[in-house]
Amino acid sequence: MTSLGIGLIGTGYMGKCHALAWNAVAAVFGDVPRPRLAVLAEASQNLAERKAQELGFARATGDWRSLVTDPDVDVVSITTPNAFHPDMAIAALEAGKHVWCEKPMATRLPDAVRMLAAARASGKVAALGYNYIQNPIVRLIRHLIDEDRTGTVNHVRIEMDEDFMADPEELFTWKSEATSGHGALDDFGVHPLSLIWALFGGVRRVCGHMAKPYPDRPLKNGGRRAVETYDIATTLIELENGASGLIALNRSAWGRKGRIFLQLFGSKGSIVYDQERMNEVQLYTADGGKETQGFRTILASPHHPPYDKFIPAPGHGLGFNDLKIVECRELIRRIHGDAAHLITFEDGIRIERTVDAIARSAHEGRWVEV
């Protein structure tokens, strides 16, 4: 494997997460070459230079377009607000760069389709930032399903709740603008859909509903502005394998910080997983004597790869940023032609089509085929 030159666009929450992953991936795994942190782009030259020094990048620019054409850059990490993803990803792919773009793929399905077309035309690897599927516990859940420990899965429920928009007096931000997308549905609802993709495959049809808990929010300089997105979304789903399901999303749920609550019900057992307790899973199997049946808790351990690459002892726990390091390693492997556990643009378009179908269903009040 050869060392890859990295370009990073954006240094907010996810930008720092990408930078930490690029910095750590070689040390954690030992089987990929250390990336070269070549160029960092931000909204201004001054900010870019400060962040480049903090995060270890060799050069800085206030113009992202110069980054995507820079000859020292092989891979472009895109961590900007959602509406900027299409133009940046397409420009990078057309310049012959691999792309690692944060979710969602785009705020509109036609833009996601354009991104996929650019990826296909380029022949480069184009991956999306769905790091929850990298959790060793989520991989274990897939293994348990494949081993038929729960039998045929007939029902799936996933709830995703956070409270960063629970306060009705929280200032109006870009997340409440229509240009940012539908709201909770594509801002973070794509994460439950990524889990469904990783565990079961696609969704056949949906029946959705979206709601605005607060009609407007205060502006920084006074006055109020109408909220244009939906902070709550609920969707009935039918999976391609025929199982029924429910996805419930709320980014105004007081007390919930990073909750993805997954329940799988099968003919021989059940699985329960909560992202706020991301290093454990509960398994129920309907075997043995009824007097001893019950859920048992399984803690993440070195027996659940790639947990062992981080910690040699069970029960100590991985974190959000660790999952991004795992994803980074999968991306490098894919770029070098190896099999990898990733959601590419080819896979991500299925998630985007599902999001679009749910939104149409919510507005039209009917079941919609994906």
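What is the accessible surface of the chain, and what share of this surface belongs to carbon and sulfur atoms? The accessible surface comes to about 15400 Å², and 50% of it belongs to carbon and sulfur atoms. Areas were computed by the Shrake-Rupley method with a 1.4 Å probe; for residues, only the protein chains shown count as cover.

The model is predicted: local features need pLDDT of at least 70, side-chain atom pairs count only at pLDDT 80 or more, and totals for chains, interfaces and linings use all residues. Residues are numbered from 1 along each chain as its sequence is written, and side-chain values use heavy atoms, with hydrogens and water left out.

The chain holds eleven helices and 17 strands. These are DSSP runs numbered from the N terminus (helices: H or I, at least four residues; strands: E, at least two). The radius of gyration, taken over C-alpha atoms, is 21 Å, close to the 21 Å from the globule rule for 370 residues, so the chain is as compact as a globular protein of that length. The rule is 2.2 Å times the number of residues to the power 0.38. The C-alpha trace spans about 65 × 55 × 40 Å along its principal axes.

Of the 370 residues, 55% count as buried. Buried means under 20% relative accessible area, exposed over 50%, and partly exposed in between (1.4 Å probe, protein chains only). Contacts (heavy atoms within 4.5 Å) were counted at a separation of 6 or more, and 68% of them join residues 24 or more positions apart.

Side chains of opposite charge can pair when their charged atoms come close. A salt bridge is a side-chain nitrogen of Lys or Arg within 4 Å of a carboxyl oxygen of Asp or Glu. The count comes to 33 salt bridges.

One of them pairs Arg 120 with Glu 346, with the closest N and O atoms 2.7 Å apart. Arg 120 lies in helix 5 (residues 109–122) and Glu 346 in helix 11 (residues 345–364), 226 residues apart. Arg 120 is exposed at 55% relative accessibility; Glu 346 is partly exposed at 38%.

Arg 251 and Asp 231 also meet in a salt bridge (2.7 Å, N to O). Arg 251 sits in the loop between strands 12 (244–250) and 13 (259–266), and Asp 231 in the loop between strands 10 (224–226) and 11 (232–239). Arg 251 is buried, with a relative accessible area of 1%. Asp 231 is buried at 2%.
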